[in-house]
Structure formats: structure tokens, C-alpha cells
Amino acid sequence: MELCLEDKITVLKGIGDKTAALFRRMGVETVEELLRFYPRDYDRIEEVSRIAELKDNSRAVVRGTICSGVSERKAGRLTISFAQAADESGKMQLSFFNMPYMKKMLKKGAVYYLRGKVHQRGNSFTMEQPVLLSPAEYEKQRGKLLPVYPLTTGLSQKTVRKAVTQVLEAAGKQKNLLPEVLPAWILAEQKLCGVLEALSGIHFPDKQEELIQAKKRLAFEEFLVFLLLVRKMKDSAQAVPNRFPMLETADTRRFLEGLPFRLTEDQASVWQEISADLTGEYTMNRLIQGDVGSGKTILAALALLLAVSNGYQGAMMAPTEVLALQHFQTLNGYTDKYHLPFRPVLLTGSLSAKEKREAYERIENGSYNLIIGTHALIQEKVTYHNLALVITDEQHRFGVRQRESFSRKGAGEDDSLIPHVMVMSATPIPRTLAMILYGDLHVSVIKQLPAGRQSIKNCVVGTDWRERSWKFIEKEVQAGRQSFVVCPMIEPSEESDLENVEEYTEKLRMALPDTLHIDMLHGKMKPAEKNRLMDAFERGMIDILVSTTVIEVGVNIPNATVMMIENAERFGLAQLHQLRGRVGRGDHQSYCIFMNGSDSDKAKERLEVLNHSNDGFYIAEQDLKLRGPGDMFGVRQSGILNFKIADIYQDADMLMSADKICGRITADTDWQEREEYRELSLLLFRSVRNNIDFPGI
Ligand code: ADP
Ligand code: MG
């Protein structure tokens, strides 16, 4: 049977409707999407260690005989099962979280290859959550790099690996399945491998060199497609006449004079640029880049006020409900306090059908003139009355195409009625890269922080400082402050030793007095639940919030003074800097504890950059310097500009060559009609049609 890239994956052996539904949750419906569903990591199984030679905090394989029965203990909602295993050198403890079936499965006297993370206490070792392999299974995996895919509950690594293998085998036999996208001259000039080689290499690399080649080729392709898309937007965004001209009003002056603080010099000059755009000849298309805490929200408020007091509507979109709600409250507060002409509404996914209908109606007839919300703002059903300005906050959390559809939305039927666009981002990107990535935008930068901020005190410590750090947090809480703890994972998993929010919350509850209110927050929760928790944290009902990076964007909790980040080595510096920006927003001295779970010198060196600087732009430059190519394993580093495979920091040189090549291709305005670019244009077309988005910047 002939396979085709656009086929649904149910044509593959072993994938029925149920499995297909799981794949769909991961964004994979077609054969092409499956091929482009890249591993998030690779796993190489360790050689066997003797129990007596195990090291604390390391992952190991032990060939052990089960030498005890299984006992159980309850800890909160967790059930922990314990057993013992031995080899000729000694004994170790095994512990399993929430795996009650171990009681039946583990037979005394059975021999397993046990693989897991080892903890040492005194002279005794515990292997947490070990994976059990038969001798045959162990032999089969030795020496190989196995892909590790991001998964959803019910979908296993094995299922994904099998499905991908089937497609790759078919592509080997059926030459027309995977046409080459890049023309020969680009492959030759950039020394890139072909598409089939790249895709086999990214999924099943035989050795690391193959993986590096594969990644290089796919990253280049990803950059090129992205840049071709940006180039298109740039062409259509150039010098559009201002259809929503504005005049300076008394409202903005009154608002500025009433504020309890003065704008910083940077804020004031950016406000000059914004108001010159809005009152000028052409439609605004501007990015406001300012470090965390530099005070971007007030500029958004000013711009919205100018639009509204000129009789137009203005809208602001935020990436999470939590942040949208916070902006709504802030702007509501200003409206009351300074008698501003705003008539605001909050539009998010959690409104009831009836509330939504009412909101839509009053947005369409103009009774609301300030619309704040999540991407609910760009949904089909919203029609605006006279939307003159759209602002996107935390732009890096949205896709480039979402940004475009937000401005289209305002225009409605009439293409010439494109509103003014302002996007705000706290991602500090070195200038050389910014010029390429922000191709279609004018850029304003806020470098200073408002005066009087106490700078955050930092420390980078190993996991042996964990308990001392908890004590420190306890002390801060007793003094009336609050704290964040961030873990990279949500729940325990067999493949990862990284700290996870669920277990960590339990551990913390056990370690600290009951009087402390500890709760957790993560991305798998419903928006309403997240809002409730953030709200409780904001009102001081929660002392310590354990969470994933969902709290990274935007929230402003001035009473929080400690940010503790577990497995800090697994985050990019820019992202760590964002996380740190959640504290140090009030009058109290704030602290950031980077918990380094690795003993590599390189990780330490990177984290030291944060230890010594609180300046986002400097940190971004250092990140670029310290990160050489070839850092292939582990969690994606930048974490902020998430291309699927390329990384703007790590692959910065490639981004620059892709930009040059993009320029050469598009110098010929008819390039899309040329035979040699046929497959490339088709890929571009498919990605637009399937609404595949690129990271916002
Ligand atoms: P971000 O740029 O990270 O979005 P915010 O807009 O949330 O920062 O501002 C952080 C805090 O700083 C807010 O509480 C805000 O009221 C305050 N702020 C903004 N500008 C100034 C200023 N010029 N002087 C003093 N405080 C300011
Ligand atoms: Mg902000």
C-alpha cells in the first residue's frame, strides 16, 4: 500500500481510533505530523554497577535479586511501596510511588536489571521508582540511543517508537513519500543532509554524530520556513496608512500626573514613541522589549487610554487567564481612581455561554470600549465595533500567526482597517538576533528598572542545601512573606529524575510545620482552578506555592520574596531570569535560590551568570557565549523561544545563515513559481493552511 504524508495515522499498523485520539492530544494527526513529532530527549542505558559502588544522586543500573517482601506506607495521597534487592556486593532499598501492584509483581528471589535514581543516606542506598528490565530487555537496549517523546497519559514510548519506525521504513522503500524540501544548492552550500536521513537521524540516531547532522538540517529548515513567513508579514505590514488617527488628550496627561510615581526616563521615551505612532501618519507596529519588572503594563494602559479617549476601542490579550484577570483588575483600579473613560470587560474561556453572548453583543455595539482577555479575543465570534489598538502582552507566549490574526480580527471584513499593533515582551534578545527575528516590527527598549527597587539576592546551591533552603522559606513565611518553588515536571514519571510538583508538594508538607499553607499549581489544571489558586496566593491564603513554570509569565505578587527553582540546570538562563522576576516586586528584600541538581562544571558556570547579574540583556548575551553547539542532550535550553527543534541561542550562527539565504531566495519576487522551490513553497503553504505556528518573539 502506498503511504502519503497527508494520510491519517490510523492507516498505520497498530493505531486504532483510541490511540489516534491520544496522538491527537499531542498534535499528531497525519503521517507528516508524526514524522515531525521530534523526541524531547534520548536515553542511553547505563552499564551495570555494583551496589557497593553506587553514587548518591546518580542514575544507575543494578543487576539485583529481590530479597524481601513488599511493605507499604501512606503519605498523604501517595502510597509508597518498599522492597530490598541485593547483589554480591551489598543490599539496597527500592521505593515505588503509587504503584500498589508492585506487591504482587515483585517475587522474592527474582532477578532484575533495576534502573533508577539512587539516593544515599549514611551507608544505605535507595533506588527510587526503578524500572524493572528482564536480562533480555537490558541486552537489547545496551549501547543504543533511544528516542524519548513527550507523552500524554495512556500513550507509551513503545507505541510512538513503533509508529515512527513504520513510517521511516516505508519512506526508505517508497521514494516519493518524502520529497526533498530544500533545493540542492542550499544543501550543498550549508553542508546539510537530505530529508530522509535527517528524519531517521532525529528519531533513531545510531550515534551522536548522526543526531547532530540531523538536528542541524532540521533546525536550518525550521528557521528558513519561519523567516520566509516573517518576510511575508513584513511586506504586508510596511507603511500602512493610519486609519485610526488620534489626537493627544487631557486624559493621558491627567493620568500621568495622578500616578504615585514618575515614569522612568526609558518609559517616558517609549511612551513618546508610542504616542507619535498613534497620532502619526502610519499604523503602529511596535514591539516593546523590557526586562521583567521594568513597568510595561503602565505603557499599555496609557496607549489604551489614548485610543479610548479618542472614541475607539482598545484590546489587550494575555497568554493566561491568571494574567488577563490581573490586568483587568489593574485597569479597573485605574478607571475608578482616575475617573478614566474606560468601560472594560474581561473575556476568557471560563465565561459561561450566556456571559459570552452578552459580552460579544456589547463589544459589537461599542458599549464596552476596553476588552481584556486571553486568546478568546481572537475567536471567530467576536466582532469589534471600532477596534483601533491591539496589545499583546508576553508576546513570546503567543505564536507569530496568532499575533497576525489578532490584528486581522480588528479589521473584520475590511482589510484596510488594520488596527495599531503593540506587542510587549520580556525576552531579552541580543540585538544581532533581534534584527532578524523581529523583522516586521519597530522595536522600543526599556532598559532601566524603576528607582528604589531592592536588588534580589541570589544563590546557587547543590541539593544538599535543600533542607536549609526550606528552613529559610519557613522563616520568611513566619515573617509574613510568601514563596514560590518551581519544579520542571508535573508528576512522577518513569523516565525522569527531575523534581515534580505533585511529589514535591507532599514532601514539603511533611517537612514543614502544618501551620504553613502549601499548595500546588500546574499546567494540567483547569483554568478556573488555576485562577482560584493564584487568587488565593495573591490574597495571602497560600504561603508556599509549588508550581511548574506556568507562573513564569507576568504575575505580580509583591508580597512574595523567595523564588526557589529546583533543577535549575535544566532551564535556559533567560527563562530562569523570568522566573526570578516574579519576586523583588515589593518593598521587602527578595531572594532567589537556584538549586543545581547536576555536578557538571558547565551547569555551574551558566548558573553563576545569574548569581552575579540581574540584567536580562547581559544574561542573554552570556547565554549565547556560553552555549556552544553540540549540547544535544537534556531539556531544551532556551525554553522561551520554542522552535520545535532549532534554538535561537544555540543555533545562532545558523539563524544568521538562514536569514542570508532567505534574502537570496526572496530577491526573486517570483520565487514561489520556480520549479526548484516547489516543495519549499508547498511546505510553507501547508504550514499556513494547517495553522502551524511559530514561536512568538
Ligand atoms: P513588567 O514590565 O514586568 O510587566 P509591571 O508593568 O508589572 O512590569 O510593573 C511592575 C511594578 O512596577 C508594578 O507594580 C508597577 O506599578 C510598578 N511601576 C511601573 N513603573 C514604575 C515607575 N516608573 N516607578 C515605580 N514603580 C513603577
Ligand atoms: Mg508584565
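Tutor: Ser294 approaches ligand 1 through its backbone, where an N or O atom lies 3.4 Å from an oxygen atom of the ligand; a polar contact here is a pair of N or O atoms within 3.5 Å. The model is predicted, so local features need pLDDT of at least 70 and side-chain atom pairs count only at pLDDT 80 or more, while totals for chains, interfaces and linings use all residues. Residues are numbered from 1 along each chain as its sequence is written, chains are lettered from A and ligands numbered from 1 in the order in which they are written, and side-chain values use heavy atoms, with hydrogens and water left out.

Side chains contribute as well. A polar side-chain atom of Lys296 lies 2.8 Å from an oxygen atom of ligand 1, and an N or O atom in the side chain of Gln267 is 2.8 Å from a nitrogen atom of ligand 1. Taken alone, ligand 1 exposes 570 Å², of which the protein buries 81% (accessible areas by the Shrake-Rupley method with a 1.4 Å probe).

Around ligand 1 there are 16 residues, and Gln267, Gly293, Lys296, Thr297 and Arg453 come nearest; a residue is near if one of its heavy atoms lies within 4 Å.

Of its 697 residues, 54% count as buried, that is, under 20% relative accessible area with a 1.4 Å probe and protein chains only.

How values were computed:
Polar contact = N/O pair within 3.5 Å; in protein donor to acceptor, adjacent residues only side chain to side chain. Buried < 20%, exposed > 50% of the residue type's maximum accessible area, 1.4 Å probe, protein only.
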